[in-house]
Structures are given as C-alpha cells and as structure tokens.
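My notes follow below as numbered points, and I hope they are handy while you have the model open.

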Amino acid sequence: RTPTAFVKTPLQKQVSSVSFASQSDDDQEPETGRRATRTRLPTTFARAKAVDYTESCVDSDEEQDEDEGSEDGEDNAGKEVQKYEEAAAEDSDAMPDIMKHEVTGAAKDAELIRSTLGSLYFFSGMDDAGYKALVEAMDVFDFANGENITVQGNTKGTHFFIVAEGTLKIFQNKQEQATIGKGASFGESVVLLSGAQNATVRASGRVRVFGATGHEIRRALRNCYQNEHRDAHKQISDLLKAGTCTLLHKLSPYQTQVLYDKAKLSSSVSGDCLMREGESVNAIHVHIQGRFALSVGGTPLTPPEKFTMLGEMGLLRRQGDMTVVTAEPAQTLTLTRETLTDMFGDKLNEKLLHSCFLARLALQPIFTGLGMEQLDAVADMGNIVEVPPGGELQEKAYFAMCIDGTVEVEAALPGSGAPLKQRLAGVTGDAIGEDMLCDQNTEWSLRASSASSSKNSAMIAIWKTAALGEVMKFKSQLDASSKSENSPMSGRPSFKKMGSIRMAMWQDDKESALKKVVVFRSLTPQQLKQLGESLVVMHVDAGTVVFSQGEDGNDFYIIHSGQLAVKIGDRHVRTLGMGDYVGERALLFSEPRSA
C-alpha cells in the first residue's frame, strides 16, 4: 500500500496528522522524525510468501531507521525476519507436496472406495451415480516409510484419503495415538471447507492411498443432492403454490426449508400397498400422480385428487384409518414422522388434527369454493368433542360433522317430526344439519354415541352458534350473484366486484379491507401486503370481553361478523358492526385502552 503523506508536526515528535497535501507541500514542513511504523505479521495464508512479504517490511524499517537514526529498528527488523523465516520453514514442513506422490494411471479399487464412503455420514444415502463420480475423482498416491501425509496444525489440507495398502501411524502432540490400515479414511475436514489437520499421519512402510480434493467431493455431493431432489423440489413448489394442502398451509421459512430438504418423491406400481387399515403408520403420502384405490372395511372410497394427503389421521392415531393400494403406477411425496416432527415439534399432533378437520370440511358440498383462510375461519367456529367407546353426548347444535371413527347420531331437526337417526363416518367427513344452516339457522338437539369398534374415541365437531349459518347465507348470496354475473340477461354488477369492506373481507381480500381503514390509506401496496399477511381470524363468543379499558393496547381489530359493544366506564357509547375497526390507537401510541 502507498503510505499516506504525514504532516510532520514540530510540537509532538511521535504524533502525526493526516494530510492530503501534495509531496511538495510536505517537503516544505520542518524536518522532524516520522512516527515508528508498526511491523505487521502476515496471516496464515500469507506465510507461503513470508520471505517476500518481510523484504518489503525490512525496506520500510530501514527507511524508518534512516529517518530516526535508531539502532533499535534495525535489531527489531532482524528479529522479525528471523521469525518469519522460521514460520515459513515450519509451514513448508507442515505442507507435504501431495501431488509429487501421485501415481498416474494406477488402478483404483472401486469396491473398497464405495464401501468406505458408504460407512461415513457425509456420503450416506448417495446414489450409484454419486459413488461413481467420487471414484473417478480419486487419485492414487504412494508414500515411502516415514513420510508424512498430513501434519498436525496444518491449516491448508486439500485432500480426503482412503488407505488402499499398507499401514499408517497417527500422532497427536508428537505422541503415537493409533495405527490404521486398508479401508480406513482420514482428512475429512476438507469436506467442511476448513482443511485443518488435527493429527499427523505418517507412513509406516510403503503406503498407497486414494485421495480426492475437497472441491471434487463437495461438487459430487452437490450434484447428488440436486439430482435426488430436483423432481421432488418441483412437486413441492407446485404443491405449495396450489395452496390446497391443509397440513402445509402457512409454513414458516424454517418449516419450508425442512420440507424441501427431507420430503422424498416415491414411486409405486400397481398392487403396492401404501397403508393398511389397522396397521402402524409412520408417514404421510401426498398424491402427485397416478391412481390409488381407497377402502375402509372393504368398502371402496372416492379416489383421491392430486395433492390429497393420505394418512394424516393414521399418523395421529398411529394406525391406519383406511387401506391405500396403488391402482396404476403413481408417485407420492412422502413425509415421515421424523420429518414432520422436525417441522412442527411438539405441536405435530395438534397440526395433524387441525389438518384433518380442514380436510373433512373441504369434503362438504356447502363449503365448496371456500379458500384455506375461510375454511380456517369456519373451523374456528366449531368445537371438537371426543366420544369414548360406549360413551354418549347430548348437545345443542347448528351443525355437526364426524372427524374420526364412527358415531350414531339422533338429531331433532326443526320441522322434521320424528328425530333423524344417522350413522356418521369420520373418514368420509359425514355431517348432519347442513340443510338447516341456510334455511332456518336454528339450533337443534343432538345425541351422539360412539359406534367405533376400536379402542380409540370417535371425534365429532359441533357448531353451537348461529354465526356459521350467517356465513353460509352470505356465501349463498355470493354464489347466486356469481351465477347472475355470467348470465347475459343480467346487467347488474357482481357482488364479487363491489368495493365494500364487507365483500372484501368475506373474499379474504385482506389488502382491499385494509385500504378502507383510514390509518392505512397511505400505505404502499407492498406494505399493505405485508400487513395483510399478519391478519388472523379470531372467533369470540357472545359476552366475551375483547379488551378492557385501562389495559395495554397491543392489537388492532377489524370486525368480520357480529357486533361489538363499546363502553367507557359503565356507559355504553356505541355499537360496532361488520367492517368497523377498533383499537387503532394501539398501532400508533403506547398508551392504555381508552374504552
């Protein structure tokens, strides 16, 4: 580096100030001593050229000594040069020239190489093409008795080795620690890019080793990973883009990465059994292509559509709830229990149950056309109740659906006369009361008992509020308007395109809903999108306090359905309804709630 021109200050000999003046200006300053130049030690990577480096340092020191007339600088420079030369000599011994020992054209034992690699963690699961690439990348090296292959402390290791012939001794801190022979491996640190060698490996007699550079190994591992996961990654991307898979909805970045890393694309041929009713289940299968035959108790079920998940309830219950057999060559994405545990941790069972709940809702004709967010909102309105074997429950309900097992139900529906008796199966998501939701939306009495032959409890979801009926009426209006929009006889604008906040919220258009809130009107589209992603749906029962006057405000609410009463003290000040918002000051100020 070209040194900065220092302005020599007569007042303080050892302190200089930086100047951008020209050299001619600098020469006009009074001649005083220049501050001592600090000797810079080279890094490990510079030591290979330490002598050249120190020569420039010596020149600097000699120049310094001329100016200052100090003998100390000359002595220090000599000591530094000696230190660098010793370091360079030490590194020269620590870095055997591996390529001088290469035997060109020598035969390689492919079986030995593959056997050794297969026992190491880095290469477990590698396919034939990967092993073949590594064998081709290996070179052959011969070492004579007493020659070092690696040296403890060397940070510039380049090769990974497998012993082909002979015996080698391993030393640490100059003490012999072990002896290795044919089939052993060492130098694996190069796979991790570091190349640091923590032991000296020395030939005991004539030795032949196979070796490959860390670069070649990493390239083979990368190519193997890409070849293995290329097709799976494409299917995962299509799966997430479709947005119809209930379990893989709203994954975090970490969960998404685990999914890409660990999901396996599996193939099956006609007659292969992916899952058998009553037997242990340790994985979920996502249908990608082909055709499967599903059955329960010998009764055929509707074949699954693309991206349908098979085995969620079986994984939750640890035994299959149906039999899945390949009807024609097919592919699935396989998610093992281990992979799902890595993704969801101790919330796996909760996620599986919620996913099954949404999947059963999606089977109901009355919920056709609802997106995942809307199905989530419908699920939040219901309660899951377990019915133990031989047990019974009685509830007031607006709608009920079996999620798992089989239940015998007796429903006293308004206007039906005698109670309606029906058997509901969870695997097909059988439900009761759907006709009442849009027509009368009144509650009715439900009595249910478990009809399952297994030891597991049956599960039934019950909706106990009229909110679901209001939602379904609104959906019916949207469906009707959509049909009229497509009719050439109708010139009325579609409800779907109306600009009201009510329409925007029901259609899950969160950004449009936020635009109609005064405090958000100045946000950019990108900011609205980010804010919309943070909106979640909450279901609050009548009489529940959403927040209280005086408490810290942390949340902002937009009313989706129903009404909120606003009070200051004991005085009722207003009633808010669908599309209104409350709590906006919590976004702007750190202050207690005013109502």
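**Notes on the model**

1. Cys-245 is buried, at a relative accessible area of 4%; here buried means under 20% relative accessible area, exposed means over 50%, and partly exposed is in between, with a 1.4 Å probe and protein chains only. Cys-273, by contrast, is partly exposed at 33%. The structure has zero disulfides, a disulfide being a pair of cysteine sulfur atoms within 2.5 Å.

2. A word on the ground rules. This is a predicted model, in which local features need pLDDT of at least 70 and side-chain atom pairs count only at pLDDT 80 or more, while totals for chains, interfaces and linings use all residues. Residues are numbered from 1 along each chain as its sequence is written, and side-chain values use heavy atoms, with hydrogens and water left out.

3. For the overall picture, the protein chain has 17 helices and 26 strands. These are DSSP runs numbered from the N terminus, with helices (H or I) of at least four residues and strands (E) of at least two. Of the 595 residues in the protein chain, 38% are buried. Contact means heavy atoms within 4.5 Å; among contacts between residues at least 6 apart in sequence, 72% join residues at least 24 apart.

4. How do H7 and H9 cross? The axes of helix H7 (residues 253-262) and helix H9 (residues 337-344) come within 9 Å, at a crossing angle of roughly 160°. That makes H7 roughly antiparallel to H9. Axes are lines fitted to C-alpha atoms, for helices over the stretch in contact, and angles run from 0 to 180 degrees between N-to-C directions. Angles under 35 degrees count as roughly parallel, over 145 as roughly antiparallel, 65 to 115 as roughly perpendicular and the rest as oblique.

5. Staying with this pair, H7 contributes Tyr-254, Gln-255, Val-258, Leu-259 and Lys-262 to the contact, and H9 contributes Thr-339, Asp-342, Met-343 and Phe-344. By class, the contact of H7 with H9 has five nonpolar, two polar and two charged residues. In this scheme Ala, Val, Leu, Ile, Met, Phe, Trp, Tyr, Cys and Pro count as nonpolar, Asp, Glu, Lys and Arg as charged, and the others, Gly among them, as polar.

6. Helix H11 (residues 372-381) deserves a look: nine of its ten residues are buried, so H11 is largely enclosed by the rest of the structure. Among the buried residues of H11 are Glu-373 and Asp-376.

7. His-354, Phe-357, Leu-358, Leu-361 and Ala-362 in H10 meet Met-372, Leu-375, Asp-376, Val-378 and Ala-379 in H11. The residues of this contact divide into eight nonpolar, one polar and one charged.

8. Two backbone angles are worth checking. Most residues other than glycine have a negative phi. Lys-174, however, has a positive phi near 65°; Lys-174 is in the loop between strand S5 (159-172) and strand S6 (175-180) and counts as exposed at 78% relative accessibility. Arg-318 also has a positive phi, of about 65°, and lies in the loop between helix H8 (312-317) and strand S14 (323-336). At 53% relative accessibility, Arg-318 counts as exposed.

9. Is His-285 buried or exposed? At 13% relative accessibility, His-285 counts as buried. His-285 sits in strand S11 (residues 283-296). Leaving out residues up to four places away in sequence, His-285 touches Leu-274, Thr-308, Met-309, Leu-310, Thr-332, Leu-333 and Thr-334.

10. Finally, two loop glycines. Gly-278 is in the loop between strand S10 (273-275) and S11 and is partly exposed at 44% relative accessibility; not counting residues up to four places away in sequence, Gly-278 touches Gln-319 and Gly-320. Gly-562 is in the loop between strand S23 (557-558) and strand S24 (564-568) and is partly exposed at 40%. The C-alpha atoms of Gly-562 and Met-578, 16 residues apart along the chain, are separated by 6.2 Å. Beyond its neighbours within four places in sequence, Gly-562 is in contact with Leu-576, Gly-577 and Met-578.
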